[in-house]
Amino acid sequence: FWGERTRERHFAVLVMTLSGTGRFTLEDGTTIAVHPGQAFISASQGQGHREETIGKEPWETLWLTVWENSPRLQSFELADWQVVPFTWDPELKDLLMGMLNEESYNDINSLGAIELFAQLFFIYLERALGWTESTSVRTNRMRMAPLWKKVTEHIDRPWPVEDLCKEAGISRSHLSRFCEELYNKSPGRIVRDLKMKQAKLLLCNSDYSVGKIADHVGYLNAANFTTAFTHVTGLSPRQYRQQYRMKIGDDNIEIQ
C-alpha cells in the first residue's frame, strides 16, 4: 500500500513499525527505510511525505497523531522528521486491543474502561519511546487532576471560571495557561466537554428526558442544553439518542 501526508498539519505524525519494512519519501526527495522497532516522527510543520510498503511481507504499523503543542513531544528537538527506536512490549498490544474491544460495547461501563486502558497505554507508550514529560508539566498535570475530579463529581454545577480558580487555589491567568499547555483547551471548554461527555452517557444509557439530563449536567433549561449539545456534536440530543439506539439495534427490541 501507499499513502501521502500533506505538509503543515496541526499535528505531528508518529508511525511505529511493528513488522515488515516501509519507506518514507519526503518532498525534498529524501528516502527513509524503517524496520520493526523503529518509529518515524514527522513534525506538524514539516515536509509532506509518501509512505509505501517495501518487499513482500506486509508492513504493519501503529499510526498516531500528536497535537503540535502537546507536551508529549517535548523530549525531541523535532524541526522536520526523525527516526527513533522503540520497544514493542506485549502489554502495549494488550492495552490497545483492550481499548478496541471495549469500544464495541460503547456503554457507560465500557467508556470508563476505555479511559483506563488509554491512560495505561500512553504510560507504556512513553516508556517504549523514551518520552518523558518535563517536571513542571508533570507537576501541573497532577495539580489540575483534583479539580477535574471535583467538576466531574458535581457536574450539575455551572462551574464558572471564578469557581474553578477558587477550587484549584490559583489565579485566572494561571488556570488559563495551565489548561492551554496541558489540554490545548480553555477552562470553559474543558467544563463544557465534561458536561457533554456525561450527557452522552445519559442519553445512551438511560430513558431520562432531555430536560432532566439538562438539569443533571448543569444547564438552566432544555433549550440551552440542546443548543450547546448540537453545537458540539452536530446532532440534537434526541437525534444523538436515536442514532445510538439504531446502532445497537434497540429499535428492534420490544419494551415490556
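**Rings and their partners**

Trainee: How many aromatic pairs are there by the rule?
Mentor: Rings of Phe, Tyr and Trp (its six-membered ring) pair if their centres lie within 6.5 Å; planes under 30 degrees apart count as stacked, over 60 as edge-to-face and the rest as tilted. By this rule the count is eight aromatic pairs. This is a predicted model, where local features need pLDDT of at least 70, side-chain atom pairs count only at pLDDT 80 or more, and totals for chains, interfaces and linings use all residues. Residues are numbered from 1 along each chain as its sequence is written, and side-chain values use heavy atoms, leaving out hydrogens and water. So, by that definition, the answer is eight.

Trainee: What is the geometry of the pair Phe24 and Phe40?
Mentor: The ring centres are 3.9 Å apart, with 15° between the planes. That makes the pair of Phe24 and Phe40 stacked.

Trainee: Which strands does that pair link?
Mentor: Strands here are DSSP runs (E, at least two residues), and helices likewise (H or I, at least four), numbered from the N terminus. The two residues are 16 apart, in distant parts of the chain. Phe24 is in strand S3 (residues 21-26) and Phe40 in strand S5 (residues 38-42).

Trainee: Why is the pair of Phe229 and Tyr240 edge-to-face?
Mentor: The ring centres lie 5.4 Å apart. The planes of Phe229 and Tyr240 are at 85°, so the pair is edge-to-face.

Trainee: Which helices hold Phe229 and Tyr240?
Mentor: They are eleven residues apart, and the pair links distant parts of the chain. Phe229 is in helix H8 (residues 222-233), Tyr240 in helix H9 (residues 237-248).
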